[in-house]
Amino acid sequence: MTANLQILISGISLGCVLALLALGFVVVAKSTGVFNLTQGGFVVLGGYLSYTAHQTWGLPFVLAVLLSIVLVSALAVLLEATIVHRIATANLFTPILVTFGLLIIIPPVAAGIWGPDQKNLGDPWGLDVLRVGDLTITHRDLAVIISTLVLLAAFGAFFRFSRLGLAMQATALDPEAALAQGVSDRTVHRLSWGIAGALGAFGGTMLATTAGAGLGPGLEQYALLAIPVIILGGLESPLGAVLGGLFVGIVQQFAVVRVPESFGAGFYEVVPYLLMLVVMLVRPEGLFGTKKVRRI
């Protein structure tokens, strides 16, 4: 029982990061109609910029993370304004291919700047743990879970009460009607990319603090793990992204520990994609997505 609770806590921590990364995909897709694969690049840059700000420039960890979020968010807005917005309405495939191209470019550029070696982010938690009975919870997992709850609450308040948040919802529901009411689609698109960049930077930093993982090449692959999450939850559903992230994180952690070695050493890595395939066969729009109605 204790071992299963221990796995559950680790799964919730991983699921929180996946949920934030998936939210980045959902916010852009819902507001602009673009499936933004550059999210993986934002994860990489977020981790490395936090490292530079904390380890090289000597900023406190929290300030380093905030600076990383601001810088990656600004880069995301710049990419949307100079590249993606020009082809956003071209057709279905062009924006996907362009964002995929940006994803291919960013990690090698990061490796060229920071080198291929693993780096220690120097997070403030280290290997410290909180003991609750027989359970041990790392301070890093607690920080990830609490930070995610705070961010989700902030997002909920932003979309429900702020003018920009309401404008983004209006654009997502009916872009033409929102434009007629004076809502600028450019502002909404750039804001959604800025939010995606911020979520990617924070997620990348948290992933880089995982015990035994560190910061190094390949971090963008974790962002791609968010794709099964949004397929599972529904591409246009923020609630689905959060619940899907938690579900996939928990299932993958149980797969890491409980799946027999006879299935293969890396079987746990394909479990989220197996879940995605099953959901797509049964409910293509995702568990929380809106079913499309075709009028004949």
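The model is a predicted one.

- In the model, residues 91-114 are 92% helix and 0% strand, with 36 Å between the end C-alpha atoms.
- For residues 263-282 the model gives 80% helix and 0% strand, and here the end C-alpha atoms lie 25 Å apart.

**Helix H12**
- H12 covers residues 267-282, and its 16 residues should span 22 Å at 1.5 Å a residue; the end C-alpha atoms are 23 Å apart, so the model agrees with that expectation.
- Val271, Pro272, Met276 and Val279 are buried in H12.
- The packing partners of the buried H12 residues are helix H10 (226-233) and helix H11 (238-258).

**Where H6 meets H8**
- Helix H6 (residues 163-173) packs with helix H8 (residues 185-208) at an angle of about 105°, and their axes are 10 Å apart.
- Angles of 65 to 115 degrees count as roughly perpendicular, and H6 and H8 are therefore roughly perpendicular to each other.
- On the H6 side, Leu164, Ala167, Met168 and Thr171 make the contact, meeting Thr187, Val188, Leu191, Ser192 and Ile195 of H8.
- By type, the residues of this H6 and H8 contact are six nonpolar, three polar and no charged.

Key: Residues are numbered from 1 along each chain as its sequence is written. This is a predicted model: local features need pLDDT of at least 70, side-chain atom pairs count only at pLDDT 80 or more; totals for chains, interfaces and linings use all residues. Side-chain values use heavy atoms; hydrogens and water are left out. Helices (H or I, at least four residues) and strands (E, at least two) are DSSP runs, numbered from the N terminus. The expected span of a helix is 1.5 Å times one less than its number of residues. Buried means under 20% relative accessible area, exposed over 50%, partly exposed in between (1.4 Å probe, protein chains only). Contact means heavy atoms within 4.5 Å. Axes are lines fitted to C-alpha atoms, for helices over the stretch in contact, and angles run from 0 to 180 degrees between N-to-C directions. Angles under 35 degrees count as roughly parallel, over 145 as roughly antiparallel, 65 to 115 as roughly perpendicular and the rest as oblique. Ala, Val, Leu, Ile, Met, Phe, Trp, Tyr, Cys and Pro count as nonpolar, Asp, Glu, Lys and Arg as charged, and the others, Gly among them, as polar.
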